Amino acid sequence: MTREVFEFELVFELPSTENDAYSLSDAVFAAGYEDAVIGTGNPKLLGVELEAEGTDATDAILSAAKNILRNLPTGTRLREFRPDLVSLADVAEKLNVKRQALQKRAEMPLPSLGGLYRIDELADTFGKIARDGGRKTRLNLSQAMKWLAAGKAARQLNARLTIQELDPVSLELRSKPNF
């Protein structure tokens, strides 16, 4: 099977103990993600934006999350996978266009929640735009493909976290939801 590269973000909930930002960064780097962008602005959360390779997006995301989680303090839990729900500003930045340029496009899907868009619906829309050709698009789709490709898997994994089908500590699938 061919392996692809996916771009995504993992958000971890840290234990209530004092966590050193440098130690958290070192833990991510020790997991093999030296190019990751690490966010430690909230002392209760750790955000890790990275690129990882896998046979599919789910494989890449879960593998990276497990590798990083092994190096983080005991009691750390995975809180969220991203991209899932995204703003037009997020999308515009990835496509290297202005937000207003996306607002004017007739083929854009409707926002879902609080003005946020489902990333997989956007990926489908941009894929259709690329296939249809027609009027030359000014969207830098090649730049955003690794990010857009991770969206559907991120949404599905978040759903599994929500219904407690995916354990946030071990990242193993449970046979039945633990309600």
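Visitor: Against which elements do the buried residues of α5 pack?

Guide: This is a predicted model. A residue counts as buried when its relative accessible area is under 20%. In α5, Ile 119, Asp 120, Leu 122, Thr 125, Phe 126 and Ile 129 are buried. Their packing partners are β5 (85–86), α3 (88–95), α4 (99–103), β6 (117–118) and α6.

Visitor: What relative accessible area does Thr 125 have, and which residues does Thr 125 contact beyond its neighbours within four places in sequence?

Guide: Thr 125, in helix α5, has a relative accessible area of 13% and is therefore buried. Beyond those sequence neighbours, Thr 125 is in contact with Glu 107, Met 108 and Pro 109.

Visitor: How does the span between the end C-alpha atoms of α5 agree with its 14 residues?

Guide: The expected span is 1.5 Å times one less than the number of residues. For the 14 residues of α5 this gives 20 Å, and the end C-alpha atoms are 20 Å apart, so the two agree.

Visitor: At what angle do α5 and α6 pack, and how far apart are their axes?

Guide: Angles over 145 degrees count as roughly antiparallel, and those from 65 to 115 as roughly perpendicular. Helix α5 (residues 119–132) and helix α6 (residues 141–162) pack at about 140°, their axes being 8 Å apart. The two helices are therefore oblique to each other, and their crossing is left-handed. From α5, Ile 119, Asp 120, Ala 123, Phe 126 and Ala 130 take part; from α6, they meet Leu 141, Trp 147, Leu 148, Gly 151, Lys 152 and Arg 155. By class, this contact has seven nonpolar, one polar and three charged residues.

Visitor: Which residues of α3 meet α6, and at what angle do these helices pack?

Guide: The angle is about 130°, with the axes 7 Å apart, and α3 and α6 are therefore oblique to each other. Asp 90, Val 91, Glu 93, Lys 94 and Leu 95 in α3 meet Leu 141, Gln 143, Ala 144 and Trp 147 in α6. The residues of this contact divide into five nonpolar, one polar and three charged.

Visitor: Is the crossing of α2 with α6 left-handed or right-handed?

Guide: The crossing is right-handed. The axes of α2 (residues 57–71) and α6 come within 8 Å and cross at roughly 65°. Here Ala 57, Thr 58, Ile 61 and Leu 62 in α2 meet Ala 149, Ala 150, Ala 153, Ala 154 and Leu 157 in α6. By class, the contact has eight nonpolar, one polar and no charged residues.

Visitor: Which residues does Lys 146 touch, not counting those up to four places away in sequence?

Guide: Lys 146, in helix α6, touches Val 5, Phe 6, Glu 7 and Glu 51. Lys 146 and Glu 4 are 142 residues apart in sequence, yet 8.4 Å apart in space, C-alpha to C-alpha. Lys 146 counts as partly exposed because its relative accessibility is 29%.

Visitor: Which peptide bond is cis, and where does Pro 83 lie?

Guide: The bond from Arg 82 to Pro 83 is cis, with omega near 10°. Pro 83 lies in the loop between β4 (77–82) and β5.

Visitor: Is Leu 171 buried or exposed, and what is its phi?

Guide: Leu 171 has a positive phi of about 60° although it is not a glycine. Leu 171 lies in the segment after α6 and is buried, with a relative accessible area of 1%. Gln 164, placed in the segment after α6, has phi near 60°, again positive in a residue other than glycine. Gln 164 is partly exposed, with a relative accessible area of 31%.

How values were computed:
Residues numbered from 1 in each chain as written. Predicted model: local features only at pLDDT ≥ 70, side-chain atom pairs only at ≥ 80, totals over all residues. Heavy atoms only, no water. Axes fitted to C-alpha atoms, helices over the stretch in contact; angles between N-to-C directions. Helix = DSSP H or I, 4+ residues; strand = E, 2+ residues; numbered from the N terminus. Parallel < 35°, antiparallel > 145°, perpendicular 65-115°, else oblique. Left-handed = near helix turned anticlockwise from the far one by under 90°. Contact = heavy atoms within 4.5 Å. Nonpolar A, V, L, I, M, F, W, Y, C, P; charged D, E, K, R; others polar. Buried < 20%, exposed > 50% of the residue type's maximum accessible area, 1.4 Å probe, protein only.
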